[in-house]
Amino acid sequence: MSFKHLFMKSSFVKAPIQNGIGRYVGQLQRITVKFCKEHSDSKGVRDFIENQVVDFAKQNPGIVVYLKPRRHRAPHVKLEYLNGETEILSAKCLSERELRQWLEVARGSSGEPVARLRKMQHTDRPSIQGVWTPWTNVPPQTNLETFPSEEGYRAPQREQTATEKLRELFARQQEQKQLTEETTGTS
Amino acid sequence: MMSLPRRLATSLLGHVRSHITSATCGTSSAGKSASVLWSCRTLSLAPGVSSCPSLVASLRTSAAQLGSASYQDVQPDYEVVAETENKITADVVSQVNRSIADRSTGRLFAVVHINGKQFKVTDGDLVVVQGQWPPALGQQLRLEKVLLVGSADFTLLGRPVLDRGMAAVEATVIEKSLSHTKTIFRKKKRKNYRRINFCRMPLTTLRINSVRLEKTVDQS
């Protein structure tokens with residue numbers, strides 16, 4: 001089992017150079033594709049170069065693409081970002097499609113080293129209506145209360161319960177009964 | 001018993017932000033999808049209203065919370081109560097509408113529903129959406145499911161969401177990348193069962209560009 005994530009650096013959400021406030025700026029600046037013209041582990045990279053690299057460069061005018069053949073070495077792609085970070089992507093035995101997918105991931109990332117995100121949100125203005133305190137929304141007349149106070153200590157007001165209603169009914173009945181008895185007794 | 005409402009009324013008119021008036025607009029008419037909460041800091045009741053005897057009833061909740069009046073005392077005359085409440089509601093709604101119309105609401109925040117999760121956002125925020133999500137890099141989005149919009153003085157609550165076109169929450173996709181590698185380890189004791197998988201979730205980072213109110217309350 002891997003414990004790598006336990007020792008991984010953690011970070012909060014951030015965006016370089018206030019990206020997206022005015023407009024979006026692509027963070028990947030330059031890629032250097034290093035490959036071999038003969039070895040089979042560069043096959044996917046060679047296919048990519050033959051079929052897709054021109055389209056990729058046209059679709060992404062913000063990214064400079066370099067091709068660097070070197071004999072009998074494993075293929076790599078060097079990714080350089082606007083924040084100065086560089087990343088080496090091993091392209092050994094990758095298929096054309098896989099390579100394209102990894103380049104797509106690189107194109108979308110900001111170049112920050114991968115870290116566990118502690119929060120999925122970041123704000124500079126955590127509260128607009130004010131931070132809640134125990135005294136928020138408490139009726140202000142409690143400020144003027146003098147203690148000991150009968151009213152302040154009374155339990156919160158509620159509706160009459162069924163039991164109370166029954167008791168009241170019973171008491172009324174008893175009264176009525178007494179009254180009738182008295183009247184009959186006197187007469 | 002009458003001393004209490006007088007006190008309440010004075011405190012309402014006073015300067016302290018209090019809890020009392022939460023008026024719901026459109027209670028009688030269906031189809032209106034916003035209700036308003038307005039703090040008393042900015043709500044000033046007309047003197048005529050405060051001296052009205054039925055205010056006792058309209059403020060019955062606060063009286064009840066104080067525990068100073070028994071239930072027999074507070075037997076509201078429902079017609080008068082409704083009238084007073086409607087008046088307060090109309091007053092609140094008009095004040096909210098006025099502040100929306102002359103753009104004096106100040107900074108707004110909104111609760112938006114994105115890809116199954118709710119976020120409280122304001123201008124300039126960053127939000128990370130986890131999992132597969134179609135919007136492409138650099139796209140400008142308008143988030144349509146707005147559950148709530150609030151300013152310093154009032155809150156508009158959707159039932160369950162605000163009308164389309166009422167609140168404008170705009171965002172830009174600034175990053176589409178992968179999370180760190182997460183280890184998924186399953187094991188059953190004494191059953192010789194161990195599975196280990198690794199996954200990296202797709203993450204989409206959004207920059208919230210603006211939160212605005214484009215329509216007044218109850219405007220169709």
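R107(A) is partly exposed, with 24% of relative accessible area. Keep in mind as you look around that this model is predicted. The side chain of R107(A) meets that of E104(A) in a salt bridge, at 2.6 Å from N to O. E104(A) also counts as partly exposed, at 31% relative accessibility.

Where do E104(A) and R107(A) sit relative to each other in helix 3 of chain A? They are three residues apart in that helix, so about one helical turn separates them. In general, side chains of opposite charge can pair when their charged atoms come close.

## Helix 1 meets helix 3

Stay with chain A and find helix 1, residues 43-51, and helix 3, residues 96-108. The two pack at an angle of about 75 degrees, and their axes are 8 Å apart. Are they roughly parallel or roughly perpendicular? Angles from 65 to 115 degrees count as roughly perpendicular, and therefore helix 1 and helix 3 of chain A are described that way.

Now zoom in on who touches whom. From helix 1 of chain A come G44(A), V45(A), D47(A), F48(A) and N51(A), and they meet E96(A), L99(A), R100(A) and L103(A) of helix 3 of chain A. Sorted by class, this contact has four nonpolar, two polar and three charged residues.

Which residues of helix 1 of chain A are buried? They are G44(A), V45(A), R46(A), F48(A) and I49(A). The buried residues of helix 1 pack against helix 3, and also against strand 2 (28-35), helix 2 (53-59) and strand 3 (64-69) of chain A.

## Where the two chains touch

Time to step back and look at both chains. On the chain A side, 45 residues are in contact with 52 residues of chain B. In general, the size of an interface is often given as the accessible area lost when the parts come together. Between chain A and chain B, the buried area is about 4200 Å², and carbon and sulfur atoms give 58% of that.

How many salt bridges does the rule find across the interface of chain A and chain B? The count there is zero, although the structure holds ten salt bridges over all chains.

Is S151(B) buried or exposed? Its relative accessible area is 1%, so S151(B) is buried. Setting aside neighbours within four places in sequence, S151(B) is in contact with I128(A) and Q129(A) from chain A, and with T105(B), R107(B), L108(B) and F109(B) from chain B.

## Salt bridges in chain B

Over in chain B, the side chains of E144(B) and R164(B) meet in a salt bridge, 3.0 Å from N to O. E144(B) lies in the loop between strand 5 (140-143) and strand 6 of chain B, and R164(B) in the loop between strand 7 and strand 8 (167-178), so the pair ties together parts that are 20 residues apart in sequence. E144(B) counts as partly exposed at 36% relative accessibility, whereas R164(B) counts as exposed at 64%.

Another pair to find is R212(B) and E214(B), which form a salt bridge with their closest N and O atoms 2.9 Å apart. R212(B) is partly exposed, at 28% relative accessible area, and E214(B) is partly exposed too, at 41%. What links R212(B) and E214(B) with R142(B) and E170(B)? A network of salt bridges links R142(B), E170(B), R212(B) and E214(B).

Methods: Residues are numbered from 1 along each chain as its sequence is written. Chains are lettered from A and ligands numbered from 1 in the order in which they are written. This is a predicted model: local features need pLDDT of at least 70, side-chain atom pairs count only at pLDDT 80 or more; totals for chains, interfaces and linings use all residues. Side-chain values use heavy atoms; hydrogens and water are left out. Axes are lines fitted to C-alpha atoms, for helices over the stretch in contact, and angles run from 0 to 180 degrees between N-to-C directions. Helices (H or I, at least four residues) and strands (E, at least two) are DSSP runs, numbered from the N terminus. Angles under 35 degrees count as roughly parallel, over 145 as roughly antiparallel, 65 to 115 as roughly perpendicular and the rest as oblique. Contact means heavy atoms within 4.5 Å. Ala, Val, Leu, Ile, Met, Phe, Trp, Tyr, Cys and Pro count as nonpolar, Asp, Glu, Lys and Arg as charged, and the others, Gly among them, as polar. Buried means under 20% relative accessible area, exposed over 50%, partly exposed in between (1.4 Å probe, protein chains only). Buried area is the accessible area (1.4 Å probe) that two parts lose on being put together, summed over both. A salt bridge is a side-chain nitrogen of Lys or Arg within 4 Å of a carboxyl oxygen of Asp or Glu.
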